[in-house]
Structures are given as C-alpha cells and as structure tokens.
Amino acid sequence: MTLVDERELSDLKLCRKECSICGATWLNNVHHWRTGKRGSELDLAGLVCNQIKAAECINTAKGRTGGDTWEKRAEFIRKFDLESKVSE
Ligand SMILES: [Zn+2]
C-alpha cells in the first residue's frame, strides 16, 4: 500500500530544468518558453542559443540549424509588409 502510494507520487513529480543562459525551462523534458508557452528546442536554438553561443546553455538543440531564425522572421515580416501594401 505504502509502496504504491510512493510510486504514484514520484510519477506525478514535475521535473523542472531552467537554463540560466537563455531563461528557457523544461518541464518533464518538454521545452517551454519563458512565457510558459510550449516551444521547440530547435526554434529556441535558432532564435536564442545559437546567438549567445554559451557553453553553459542546456538546450540540447543548441548549435543545430533548421529551426526558426531571426532571418526567417524578418523575411516573413518583409513579405507580410509587401502583401499589405499591394492590397491597399
Ligand atoms: Zn539555454
């Protein structure tokens, strides 16, 4: 009885890791943005970790490309801007 109770408790335990460099958090190994929104490690790498280039960063996708980047975002904004000008 006691053993079962203890196991249930440990299953519910939330494992929380926070990167002191980029401020991102991992809840049970799922990355969340500082805002609490669920995120992508690859996007985090492209937007934050690859820019900082800190060895202390705990993001496992750090150094990898293919996620969201500021270049991609700027491109998106440029296109959006162009489209809204065309429709005016
Ligand atoms: Zn980090």
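Below is a short exchange on how the terms used for this predicted model are applied.

Me: What kind of model is this, and how are residues numbered?
Reply: The model is predicted, so local features need pLDDT of at least 70, side-chain atom pairs count only at pLDDT 80 or more, and totals for chains, interfaces and linings use all residues. Residues are numbered from 1 along each chain as its sequence is written.

Me: What makes a stretch a helix or a strand?
Reply: Both are DSSP runs, numbered from the N terminus: a helix is H or I over at least four residues, and a strand is E over at least two. The chain has three helices and three strands, and along the sequence they follow the pattern α-β-β-β-α-α.

Me: What is the strand order in the open sheet, and which strands are its edges?
Reply: The three strands of the open sheet have the order β1-β2-β3, with antiparallel pairing. β1 (16-18) and β3 (30-32) are the edge strands, as each pairs on one side only.

Me: Why is histidine 31 called buried?
Reply: A residue is buried if 20 or more other C-beta atoms lie within 10 Å of its own, exposed if 12 or fewer, and partly exposed in between, with C-beta atoms placed from the backbone. Histidine 31 has 20 C-beta neighbours inside 10 Å, so it counts as buried. Histidine 31 lies in strand β3.

Me: Why is leucine 27 called partly exposed?
Reply: Leucine 27 has 14 other C-beta atoms within 10 Å, so it falls in the class in between. The place of leucine 27 is in strand β2.

Me: What makes two residues a contact, and which contacts does histidine 31 have?
Reply: Two residues are in contact if their C-beta atoms, placed from the backbone, lie within 7 Å. Leaving aside neighbours within four places in sequence, histidine 31 is in contact with Ala24, Trp26, Gly39, Ser40, Glu41 and Leu44. Histidine 31 and leucine 44 are 13 residues apart in sequence, and their C-alpha atoms are 9.0 Å apart.

Me: Which residues of helix α2 are buried, and what do they pack against?
Reply: In α2 (residues 41-52), Leu44, Ala45, Gly46, Val48 and Cys49 are buried. The buried residues of α2 pack against β3.

Me: What makes a set of residues a nonpolar core?
Reply: A nonpolar core is a set of buried Ala, Val, Leu, Ile, Met, Phe, Trp, Tyr and Cys residues joined through C-beta atoms within 7 Å. The largest nonpolar core has eight residues: Cys19, Cys22, Ala24, Leu44, Ala45, Val48, Cys49 and Cys57. In soluble globular proteins, nonpolar side chains tend to be buried together.

Me: Why is α3 called hardly covered?
Reply: The count of buried residues among the 17 residues of α3 is zero. Across the chain of 88 residues, 15% count as buried.

Conventions
Two strands pair if DSSP finds at least two bridges between them.
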